[in-house]
Amino acid sequence: MTERYVELHASSAFSFLRAASLPEELVERCEELDIPAMAILDRDNLSAAPRFFKAAADRIRPHVGAEVTGENNAVYPLLVKTQAGYRNLCRLIAKIKMRAESGGGAATLEDLAAHAAGLVCLTDASDARLVEIFGKENVYAELQRHYNREEERRNQAVVERARRFKLPLLATNGVCYADEDRRELFDALTCVRLRTTLDSAGKLLARNSERHLKPAAAMCRIFADLPEAIAHTVELSSRLEFTLANLGYEFPEFPVPEGQTMDSYLRNLVAEMAPARFEDYSERVRNQIEKELALIEELRLAGYFLIVWDIVRYCRENGILVQGRGSAANSAVCYALHITAVDSVKMDLLFERFLSKERGEYPDIDLDLPSGDLREQAIQYVYQRYGRLGAAMTANVITYRGRSAARDLGKALSFDEESIARLSRVVPHWGWQNPDETVERQFRKAGFSLENPQVRKFFKLYCQIQDLPRHLGQHSGGMIVCRGQLDSIVPLQPAAMPGRVIVQWDKDDCADMGIIKIDLLGLGMMAVLQDTQKIIHDAHGEDVDLAHLPQDCPTVYSALRRADTIGLFQVESRAQMAALPRLRPEKFYDLVVQVGIIRPGPIVGDMMHPYLRRRQGKEAPVSLHPSLDAVLKKTLGVPLFQEQLLQMAMIASNFTGGEAEELRRAFGFKRSEARMSEVEVKLRKGMAENGIVGDAQDRIVQAITSFALYGFPESHAISFALIAYASAWLKCHYLAAFTAATLNNQPMGFYQPDTIIKDAQRHGLRVAPVDVTCSEWDCTVQGRSELRLGLRYVKGLPEQAARAVVSARPFESVNDLRRRVPELTQAGMKTLARIGALNGLKAEHRRRALWQVEAALRPAGPLFATFDGNTVESPLKPMEIKERLSADYSGTGIHLGRHPLAHCRDRKEFRDIKRAIDLPGCRDGRRVKVAGAVICRQRPGTAHGITFFSMEDETGIINLVVMPDLFERETLLFTSEPFLIAEGVLQNQDNVVSVKVDRAEPFSFVETGLRSHDFS
């Protein structure tokens, strides 16, 4: 008889630091060992369930369960038998998670009794009440054997009690990792969880490496004296009928007026809104709307569109800027309902990219909202609309990578803090080409040797821990709504932010399980646009309608062609700045291309450079085939967007819209060679029927298959281009208001506030410093060309104290400020003095202000009774420039005077150094030396290890190109030094200027403490 065994108690890495293998790895190992089924029981969560279910398809039977924490450190392993059991387990976990906020995060026996139906409990048979709660047929006495004498003594007691209570025995291995090689990582994770080290953990660690998946033969040998315990694993597995295919999720219905259906109500809304919405409400528009409404009705999706429309309606009625993007911009119905700002008919966008009959799933609509309070207002509206148990945010699984992995493992392996800091700086740059060689060089440069056993162990564990879950966080904006109670579909738990609830699955898992997500995303630039509108209205009495900005402003396009884009949306990165002078946008669609072209797809698919050559007239704009001219004309014969690839398949190979969308999805993250082969056969067959053969066929197939994975949606690019254009228009026409709004919504974008201000000053903006006599909490405008820094930029000054300063004005003296604003701490008063914010209170200069602060803070008593800082002359001299710079950067992160580089120009080593403003006038190929403060470091995966730096001097931005060999030799220099002198060959081509560096050295003038935008 063939030995059979089912593992019914395994934990995955989604037990968060309690196990060391992903669900996919466990499934793969089960398949290798011919284990027909497995149950994953993670601690107090079902986060692994969707990935486990998906990975197990056609490979093993996946059983759902969880270890539920009980009172007095009890743990109840529970297996789901029926759909009712699954709902009960979800609600039980949700109950204890939600209760944990008040300190009661453990299941009581009463909780178990209320949620026992449909569940099987594994137990040590020490509590007879569990039999009463779950019923004798649903309680099994669990045994585990890991060559541990104490464990075996417990097993004997379990067997004795089980026979007394007539409970069936069940063998499990308490699996925590797929194979033995993960035991060391498991121990390291244990140390992270318990905040100890491997040297100190002692008995907290596992005794051996036995908690891995074992084949039936091995388990049968281990339990040779108790064969029934093995047999019961197969018997119980056959009783566990539930799978996640029976989830029971339903999307909620939208309430409509009496006498109407959701379909009729949606039709009426569109008919009412469309004529005013479309600039040209033509027959073509009406036909497209009818086509979309018919499909929406056929697929029974009217409720979904109405729910999204309702959220947009709420935002518009409450003055919240909102714009839908993504594939929703392909829909004329979405445009009519004000869900998107893109006229898909006018832009000739492919509706099937958004919705088709063949896809058989809900479309995806993302709503961009201002980050901050306004977005939270919209989120709370959804919670209120659908109830506490009807709506929740999706989770975000925080995984180990880069610095977080280095820090946690470094602590577990007893590295000192200095070494951990060095490791954290090194690890993000590993492995762009030859991982082993690169790591060895990086380590040696950082002062480590892989010959050291501790360092070698660190490297092994670092590689193993990548992408393992660390903890559950909150997605940036994904919300799901449910008809009925969501806690019966997936466990809920409180989010870190008060008033929010999240589900235990991330957005991809929700999509895989058919749960509908609506993204309410916080976009910093949306907040900037909204705040800029308000500042313009309040300061100038003018109203700017972003929906009707002139699309042909020459000032905007002139700035874009110069790459004058600091602070703008989507076009401010180093790569965008390098492409803008070559693409030279002149109209709105050029900006759409600009937004979409600096993406992995056009770069990896080698589409970007051919397009730019054609744009510059260096290459003829010839399509891949004459039949594709209409599709590729607007991108000069080069496919740049996903929609074009789908249209190419529809024209060249006779694909339907749905088939074309399936083609795109076939090139998903994990490509299947078999799937790709099937797609290619179908493409070639269709082209042959249309007479497209030979080289033309090969070129089209290559374009589609190499580009589909990375392609950027045109609809997405249009939505982003609208925001990019609005940001550029506002910066060009209302610089003070736009800069103030940008500063009030930090952090965002690529650049620190100091760089944003220096750029604005170069454009003619006057910026006044923080002043307690007139600064508000936010930055404010004073006329059209002056800005006043807000108190929000005073480091360590709480908002409550700042607002107290504003409300208590005016002040007669520093002492009066101290007396009337008790919310100001001593440290806060001194910081205000050091940055010059008290100079307006008869202090004249910063040191005198500090003198007066000390007087205001003098202790009570007769010794200091006659001392008055306002009348006794300060013996302190005014600060020198270095002192003011240091005080400004440490106190606000901003210096409004001359750039630090301007103060270095008279130094000997700076005599031959070119300024940023000088470089465009230098010839290509000339050797130059430059210097600046590093403000951005980028090493994109598509650049083959090349690193791009942006440095700032007093005249602008300098771009550096550092080749891999130099970067590897000087990693610490390039990743940690705030100021660099760099020397190399000037590259000045097509109005794009950069320096290819061959040597660099650090220099210092003053400690700024500013952080650059690095490697993201």
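Predicted model: local features only at pLDDT ≥ 70, side-chain atom pairs only at ≥ 80, totals over all residues.
## Cis prolines, positive phi and nonpolar cores

Pro747 sits in the loop between helix 32 (735–744) and helix 33 (753–762).

**Another cis peptide bond**
- Arg809 and Pro810 are joined by a cis peptide bond, with omega about 0°.
- You will find Pro810 in the loop between helix 34 (799–808) and helix 35 (814–820).

**Positive phi at asparagine**
- Asn73 is not a glycine, yet its phi is positive, at about 65°.
- The loop between strand 3 (61–69) and strand 4 (75–80) holds Asn73.
- Asn73 counts as exposed because its relative accessibility is 76%, and exposed means over 50%.
- Asn654, also a residue other than glycine, has a positive phi near 65°.
- Asn654 belongs to the loop between helix 27 (642–652) and helix 28 (657–666).
- With a relative accessible area of 39%, Asn654 is partly exposed.

**Nonpolar cores**
- The largest nonpolar core contains 139 residues, and Leu46, Leu78, Tyr86 and Phe305 have the most contacts inside it.
- Helix 12 (residues 302–317) gives the most to this core, contributing 11 residues.
- Beyond its neighbours within four places in sequence, Tyr86 is in contact with residues including Leu46, Val64, Phe242, Leu247, Ile489 and Trp505.
- A second, separate core has 131 residues, among them Met526, Ile566, Val593 and Phe738.
- In soluble globular proteins, nonpolar side chains tend to be buried together.

Technical notes: Residues numbered from 1 in each chain as written. Heavy atoms only, no water. Core = buried A, V, L, I, M, F, W, Y, C linked by side-chain atoms within 4.5 Å. Buried < 20%, exposed > 50% of the residue type's maximum accessible area, 1.4 Å probe, protein only. Helix = DSSP H or I, 4+ residues; strand = E, 2+ residues; numbered from the N terminus. Contact = heavy atoms within 4.5 Å.
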